[in-house]
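Please read this briefing with the sequence and the three-dimensional structure open beside it. The points are grouped by topic for a reader who is meeting the structure here.

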Amino acid sequence: MKLKKKALLTLSAFLMLSSLSACAPKKTEDTSKKEETKIETAKTEDVEAALKDGKTIVLDARSNDAYNGWALDGAKRGGHIKGASDFSAKWLSSDYDEKGNLEAYSREQVLKDAMKNKNLTKDSKVIVYDTNDKDAMAVAQYLSGKGIKDIKTYNAKEWIDGEKELASYKNYHLLVAPSIVKSIVDGKTPEGFTTAKDIKVVDVRWGGNKESGYLQGHVPTAIHINTDDIEPPKKNKKGDTEWKLADDKALVKLLLDNGITSSDCVIATSPEPMAAARFAVVCKYLGVKDVRIMNGGLVGWSSNGYELATKEETPKKASDFGVTAPQNPALIDTMEEAKAMLENKDKNVLVDNRTIGEYQGKVTGYSYHKKKGRIPGAVYGHAGIKNSSSMYYYRNIDKTMRNAQEIEELWKKDGIDTSKHLSFMCGSGWRASEILWYSMVMGMENTSLYSDGWIGWSNSGLPTEAGDNK
């Protein structure tokens, strides 16, 4: 979601600090005084047995981009050992604001939750793998420090470069690895990356070039997109200010003004992946040929040690979008379509991606919107825990996408039937846009975004409810 007025300034300041943090030298942990535990080495047959016994947890310690499906760091194939979960070594040292994060959680608390999500306990048998003889050891030492004694490391280079089975997300390419983006902005686009005419990198945040933090640091070559140009603030009939998507004509003009046409490949970047996802969904809806998001936002960029640019990029306007927009109208649902889905629950689920407090009507989550509650019939689908700008349940600590299997398990606990059409919603479309994008990465083809969300619905005077409906 996005916050406006005073709350938006708070988020804007948070995102600016995120940008500045990415520019700052990375803090390294002094491990010289730590006594390392001796970790045994696993063989390929050990991993094969572990995948069959149902008792041993196999973990991929590489970057989440490699786990998702990208062939990185010289690997001949992308993806992970089928049956393995993820616990990236990057989580141990990525940029993370211990005091100013949205849930007020320490790194240790976040990693503790990650261990719980992967059923890692002191009694677990674990094999951690990498391809560089470094990442797996870092994770193994960390887990050993948490009391796990039966743990081994494995160099999976032979497995990954060979012919043994690997698994990838069907549309992993929709989340681009920062290292791939770095190659592109350096003029070294990987062979076969896209068939689009041009690649356009965009930096998406609220505010102009100055107040957004864009001039303090962005991915090189990226032009800035102000989210207020996607959702111009307007007064409704009751005098309340709303931020809804502009009409199709205005959205096409926005893209053309920024030099984007339907034949381009757009890579959306941002300190905050929600903002990137909001714009990416709009681009795909209108008909841009190839739309991607840089995984992990600027945290992912800085985790690789890449420098941010401060040069202001001026786009060259385009005159012809190339196709009639929208090319993918089913991607974004209107209020009337949301109502129709609720009347046909045998085929549809309206998924409410807000905090439980918002869903139950205890808080609004917004400084500029006072109505509390939920849409009758909408199913709770998680987002953050305490804060309405948080995506805690859908991300890792470095803002990369959470393990798809864990997302599916979360939905199962929520009672969400993924065989039906899922329309994701939140307060105003930001959180739900990110979750929609992840669903597409996972290969789900029957999903959409109810963009107006709770704010649009409640401001229209439609029926609402509150309380615990479980």
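Predicted model: local features only at pLDDT ≥ 70, side-chain atom pairs only at ≥ 80, totals over all residues.

Residues are numbered from 1 along each chain as its sequence is written, and side-chain values use heavy atoms, with hydrogens and water left out.

**Annotated regions**

- The UniProt record, an unreviewed entry, places the feature "domain: Rhodanese" at residues 52-168, 195-310 and 344-466; UniProt positions are given in the numbering used here, feature names are shortened, and annotations may be inferred rather than shown by experiment.
- Over residues 195-310 the chain is 30% helix and 23% strand, with the end C-alpha atoms 30 Å apart, and over residues 344-466 the chain is 28% helix and 13% strand, with the end C-alpha atoms 22 Å apart.
- Helices (H or I, at least four residues) and strands (E, at least two) are DSSP runs, numbered from the N terminus.

**The sheet from E1 to E4, and Asp 60**

- Five strands form an open sheet with parallel pairing, in the order E1-E6-E5-E2-E4, where two strands pair if DSSP finds at least two bridges between them.
- Strand E1 (40-41) and strand E4 (85-86) stand at the edges with a single partner strand each, so one side of each is left without a neighbour in the sheet.
- Strand E2 (residues 56-60) is joined to E4 by two bridges, and the two run parallel; Asp 60 has Asp 86 as its bridge partner in E4.
- Asp 60, which is found in strand E2, counts as buried because its relative accessibility is 1%; buried means under 20% relative accessible area, exposed over 50%, and partly exposed in between (1.4 Å probe, protein chains only).
- Leaving out residues up to four places away in sequence, Asp 60 touches Tyr 67, His 80, Ser 85, Asp 86, Phe 87, Ser 88 and Tyr 129, where contact means heavy atoms within 4.5 Å.
- Helix H5 (residues 135-145) lies across E2, strand E5 (125-130) and strand E6 (150-155), running at about 155 degrees to E5; axes are lines fitted to C-alpha atoms, for helices over the stretch in contact, and angles run from 0 to 180 degrees between N-to-C directions.

**The sheet from E8 to E10, and Asp 290**

- Another open sheet is formed by five strands in the order E8-E14-E13-E9-E10, and its pairing is parallel; its edge strands are strand E8 (175-176) and strand E10 (223-226), each of which pairs on one side only.
- Strand E9 (residues 199-205) pairs with E10 in the parallel sense over four bridges, and the bridge partner of Val 204 in E10 is Ile 225.
- Helix H10 (residues 273-286) packs on the sheet and touches E9, E10, strand E13 (265-269) and E14, its direction making about 175 degrees with that of E14.
- E10 is covered on both faces, with Ile 223 and Ile 225 buried on one side and His 224 and Asn 226 buried on the other.
- Asp 290 lies in strand E14 (residues 290-294), and it counts as buried because its relative accessibility is 11%.
- Beyond neighbours within four places in sequence, Asp 290 is in contact with residues including Phe 193, Thr 194 and Asp 264.

**Strand E19 and its partners**

- Strand E19 (residues 447-450) points Thr 447 and Leu 449 one way and Ser 448 and Tyr 450 the other way, and all are buried.
- Strand E15 (residues 332-333) runs parallel to E19 and is joined to E19 by two bridges, whereas strand E18 (residues 421-425) pairs with E19 in the parallel sense over three bridges.
- Within E19, Tyr 450 is the bridge partner of Asp 333, and Thr 447 is the bridge partner of Leu 422.

**Enclosed space**

- On a 1 Å grid over the protein atoms alone, a cavity is a set of points where a 1.4 Å probe fits but cannot get out, and lining residues have an atom within 4 Å of a point.
- There are four cavities of 30 Å³ or more, and the largest cavity has a volume of about 70 Å³, a volume being the space filled by probe spheres set on the points, with grid points joined across faces, edges and corners.
- Among the residues that line the largest cavity are Ser 63, Lys 90, Pro 178, Asn 295 and Asp 398, and the elements that give two or more residues to this lining are helix H3 (64-68) and helix H11 (297-303).

Notes:
1 Å grid on protein atoms, 1.4 Å probe; cavity = no way out; pocket = protein on both sides within 12 Å on 5 of 7 lines; lining within 4 Å.
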